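The following note sets out numbered points on the packing of the model shown below. Each may be read alongside the coordinates.

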Amino acid sequence: MKKILISLVVLAVMMTEVQPMMACTSVIVSGRVTKDGRPMIFKHRDSGKVHNMMMVVQGQRYRYLGLVNAEDTTPVDVWGGHNEAGFGIINTAAYNLNGDGGDTDGDGIFIRKALELCASLEDFERLLDTVKKPMDINSNFAVLDAKGGCAYYETGNYNYVKFDVNDPSVAPDGYLMRTNFGTTGNHKLDQGVERYQAITAFMAEACKEGHLEHDYLITHISRYLKHGVTQLDMYDMMPETETDTCYVSFHDYITRYSTASVVLVQGVRPDESPLNTISWTIMGWPLTTIAMPLALLPSGKLPTLVSNDGTGHSRLCEMGLQLKSRVFTLKKGNNTAFYGNLAPLINKKGTGVLQQLLLVEEDVMRHGEEAVASLRKAKEPKAMEAYYDWVDDFITEQYKSKFGVE
């Protein structure tokens, strides 16, 4: 008989709560502490809109590469990305910056405007200063530019406060983190505290081990399965095989049922072309999809897998959602989205979906690093375009052969 194990991560009182949909986790890192001198901004996105994709858009002033909801093809809202001037931006909702006024609707619109209009942190601050008040915003915006600038802006309807990660007095270790509260807000309204504790622990260890690097952060943060409060680690709960049943609660882990995508914008050194800015992405649920680099090319080309594949969706995101459905199989009971079966995801035999995909991802990332290096050295897009073609074919074949998904 299969043994069913239930992780007691969530107290009974918590089970009556509804998970905030915009429950993102973010990190920014100064170029002064990375090995290559390039700054980074990272966003792990949670949303009720789990069908995500990447788009290249010609904005009012600058062309940009943006993370969007698949149905928003205009787009109206953008949730992270970078533009041709080397300006990058992401956000996390900060529910304590406007008092008890609740959530706002303008964060994604504002990100789009910033990508269209801004080339620098100074441009971004002018936009904040001049936009009509109230701004309909409650976000921790993370911004970088081609001059090495990198900062958080805790932004409410009327005001903002800047946190410069390049300032040692603000960020002694060269990095900062935010989840769903601002440090300048009303702390009685803080949300995302559990995930803040988890990302704090993760980043402290990454800093200690010398892993403040783009490839490590994009491939590890969203696969960190240790709870910030209970300290329960899903890797310690692994069942024997993929055919066992081992339900655990994903409530308030960094990766949850509502996780939709991941983007890490890696900036440039001041002596580099802004076009060398790279958005490293995981399109879809990060425990069932794969990381890859994306550059803003003159042709506007992207891998078909992460952009509109002709059906209005990212095919990689859709394949990942198919595999995610093998994890969240409960259909009856309270808050069934909290509970996932670990067995098909990770197990002691190493046959889980995540375990197999990490091996595929190693190839995708290695080829991606080579293509990015060629782009930076040769200053022309052929290597990246060839990589996009290769990655479409390679990942499609791997999902089909390993999981029967296409």
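1. The buried residues of helix 2 are covered by elements that include strand 6 (88-93), helix 1 (107-117), strand 7 (139-144), strand 8 (150-155) and strand 9 (160-164). Helices (H or I, at least four residues) and strands (E, at least two) are DSSP runs, numbered from the N terminus; contact means heavy atoms within 4.5 Å. Helix 2 itself spans residues 121-130, and its buried residues are Leu121, Asp123, Phe124, Glu125, Leu127 and Leu128. Buried denotes under 20% relative accessible area, exposed over 50% and partly exposed in between (1.4 Å probe, protein chains only).

2. On provenance, this is a predicted model, in which local features need pLDDT of at least 70 and side-chain atom pairs count only at pLDDT 80 or more, while totals for chains, interfaces and linings use all residues. Residues are numbered from 1 along each chain as its sequence is written, and side-chain values use heavy atoms, with hydrogens and water left out.

3. Beyond four places in sequence, Met203 touches Val27, Val29, Tyr175, Met177, Leu212 and Leu217.

4. Helix 5 (residues 315-324) and helix 7 (residues 382-403) have axes that come within 11 Å and cross at roughly 15°. Axes are lines fitted to C-alpha atoms, for helices over the stretch in contact, and angles run from 0 to 180 degrees between N-to-C directions. Helix 5 is therefore roughly parallel to helix 7, as angles under 35 degrees count as roughly parallel, over 145 as roughly antiparallel, 65 to 115 as roughly perpendicular and the rest as oblique. Leu316, Met319 and Leu323 of helix 5 meet Ile395, Tyr399 and Phe403 of helix 7.

5. Helix 6 (residues 353-378) packs on helix 7 at an angle of about 170°, with the axes 10 Å apart; the two are therefore roughly antiparallel. Residues in this contact include Val360 and Val364 of helix 6 and Ile395 and Tyr399 of helix 7.

6. Arginine 45 belongs to strand 2 (residues 40-46) and counts as buried because its relative accessibility is 1%. Its C-alpha atom is separated by 5.7 Å from that of threonine 259, 214 residues apart along the chain. Among the contacts of arginine 45 beyond four places in sequence are Asn52, Trp79, Ser258 and Thr259.
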